[in-house]
Protein chains: 2
Amino acid sequence: MTRFTPEDRTAPASDQPTTGSVTLINSFAVAPEQDEEFQAAWYETSRYFITQPGFISLRLHRAVSPTATHRWVNVAVWDSEASFRQAHNTDDFRRLVSQEKWQSFPSTPVLFEMVTAEGQMP
Amino acid sequence: MTRFTPEDRTAPASDQPTTGSVTLINSFAVAPEQDEEFQAAWYETSRYFITQPGFISLRLHRAVSPTATHRWVNVAVWDSEASFRQAHNTDDFRRLVSQEKWQSFPSTPVLFEMVTAEGQMP
């Protein structure tokens with residue numbers, strides 16, 4: 001059985017240097033009956049991230065339809081890709097996501113730059 | 001060849017009534033060499049949405065890595081699921097997304113409710 005590593009929990013590197021803030025969009029495959037376990041594991045990990053230098057904000061979302069393949073999506077903003085990388089390159093991060101409970105929740109972390117904005121995000 | 005319909009461009013319905021604002025996370029599969037065509041088509045469609053009742057905000061993101069399967073992601077907030085549905089149930093919407101150019105860009109629109117928030121989104 002394939003096991004998820006801390007590297008699987010980290011967005012792939014950029015092919016060109018980024019400037020300014022970056023946005024992580026991380027999608028999680030969670031069966032509805034495991035929502036509570038997922039939320040507890042995610043909350044514990046998020047407490048680590050919000051203390052790290054360069055963290056700006058996060059929004060955790062749950063799909064309104066049970067048919068979505070990835071029912072939970074976190075959108076998190078960091079002040080730079082360097083800060084984002086540093087927060088994913090610590091012993092604390094590796095320890096958190098190496099816990100057995102995380103094996104139940106495949107994730108697809110992808111890093112983005114914002115291109116267009118309209119209105120104020122709540 | 002499968003053709004994308006306006007229904008393919010609309011997030012699946014919720015299984016339970018939603019209350020308050022909703023967030024659309026729409027991921028687009030775009031080859032890097034088609035980024036300009038995609039941006040032009042998306043911009044035209046976004047001009048329609050920002051005029052619709054209940055629209056709050058949007059953020060269009062491009063992945064920093066070329067390996068992402070869905071390199072463009074729009075995160076858009078609406079004041080209610082009813083407003084979101086109404087904006088996707090007009091002749092103008094169907095006309096826009098039925099244009100031939102949209103056939104090049106598969107999308108995965110999914111509707112979410114926000115569960116947890118930390119910090120201010122830029």
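Predicted model: local features only at pLDDT ≥ 70, side-chain atom pairs only at ≥ 80, totals over all residues.
Visitor: Let us start with one residue. Why is B:Asp35 called buried?

Guide: B:Asp35 has a relative accessibility of 12%, and the cut-off for buried is under 20%, so B:Asp35 counts as buried. Its place is in helix H1 of chain B, residues 35-49.

Visitor: What is B:Asp35 in contact with, leaving aside its neighbours within four places in sequence?

Guide: B:Asp35 is in contact with B:Val30, B:Arg62, B:Arg71 and B:Trp72. With two of these partners there are polar contacts between side chains: B:Arg71 at 2.9 Å, and B:Trp72 at 2.8 Å.

Visitor: What makes those two pairs polar contacts?

Guide: The limit for a pair of N or O atoms is 3.5 Å. The values are 2.9 Å for B:Asp35 with B:Arg71 and 2.8 Å for B:Asp35 with B:Trp72, and both pairs are listed as polar contacts.

Visitor: Why is the pair of B:Arg71 and B:Asp35 also called a salt bridge?

Guide: A salt bridge needs a side-chain nitrogen of Lys or Arg within 4 Å of a carboxyl oxygen of Asp or Glu. B:Arg71 and B:Asp35 meet at 2.9 Å, N to O, so the pair qualifies. The pair links distant parts of the chain, 36 residues apart: B:Arg71 is in the loop between strands S2 and S3 of chain B, while B:Asp35 is in helix H1. B:Arg71 is buried as well, because its relative accessibility is 7%.

Visitor: And what makes B:Lys101 and B:Glu44 a salt bridge?

Guide: Their closest N and O atoms are 3.1 Å apart, and the limit is 4 Å, so this pair passes too. B:Lys101 lies in the loop between helix H3 and strand S4 of chain B, B:Glu44 lies in helix H1, and 57 residues separate them.

Visitor: How do you know that the buried residues of H1(B) are on the same side?

Guide: The buried residues are B:Asp35, B:Phe38, B:Ala41, B:Trp42, B:Thr45, B:Ser46, B:Tyr48 and B:Phe49. They cover an arc of only 145° around the axis, which puts them on the same side of H1(B). As background, an α-helix has 3.6 residues a turn, so residues three or four places apart point the same way.

Visitor: What covers those buried residues of H1(B)?

Guide: The cover includes strand S4 of chain A, together with S1, S2, S3, H2 and H3 of chain B.

Visitor: How do you know that the reach of H1(B) is close to what is expected?

Guide: H1(B) has 15 residues and reaches 21 Å from its first C-alpha to its last, and the span expected at 1.5 Å a residue is 21 Å.

Visitor: Now to the two chains. How many residues of chain B are in contact with chain A?

Guide: 44 residues of chain B are in contact with 44 residues of chain A. About 3800 Å² is buried between the chains, with carbon and sulfur atoms giving 67% of that area. B:Val64, B:Glu118 and B:Met121 lose the most area in chain B, together 21% of what that side buries.

Visitor: Which salt bridges cross the interface of chain B and chain A?

Guide: The rule finds two. A:Arg47 meets B:Glu118 at 2.9 Å, N to O, and B:Arg47 meets A:Glu118, also at 2.9 Å. With a limit of 4 Å, both count as salt bridges. The A:Arg47 pair runs from helix H1 of chain A to strand S4 of chain B. A:Arg47, at 23% relative accessibility, is partly exposed, and so is B:Glu118 at 22%. Over all chains, the structure holds 12 salt bridges.

Visitor: What else joins the chains across this interface?

Guide: There are 20 residue pairs in polar contact there, both residues being at pLDDT 80 or more. On the side of chain B that touches chain A, S1, H1, S2, S3 and S4 each supply at least two residues.

Technical notes: Residues numbered from 1 in each chain as written. Chains lettered and ligands numbered in written order. Heavy atoms only, no water. Helix = DSSP H or I, 4+ residues; strand = E, 2+ residues; numbered from the N terminus. Buried < 20%, exposed > 50% of the residue type's maximum accessible area, 1.4 Å probe, protein only. Polar contact = N/O pair within 3.5 Å; in protein donor to acceptor, adjacent residues only side chain to side chain. Contact = heavy atoms within 4.5 Å. Expected span 1.5 Å × (residues − 1). Arc of directions from axis to C-beta. Buried area = accessible area lost by both parts, 1.4 Å probe.
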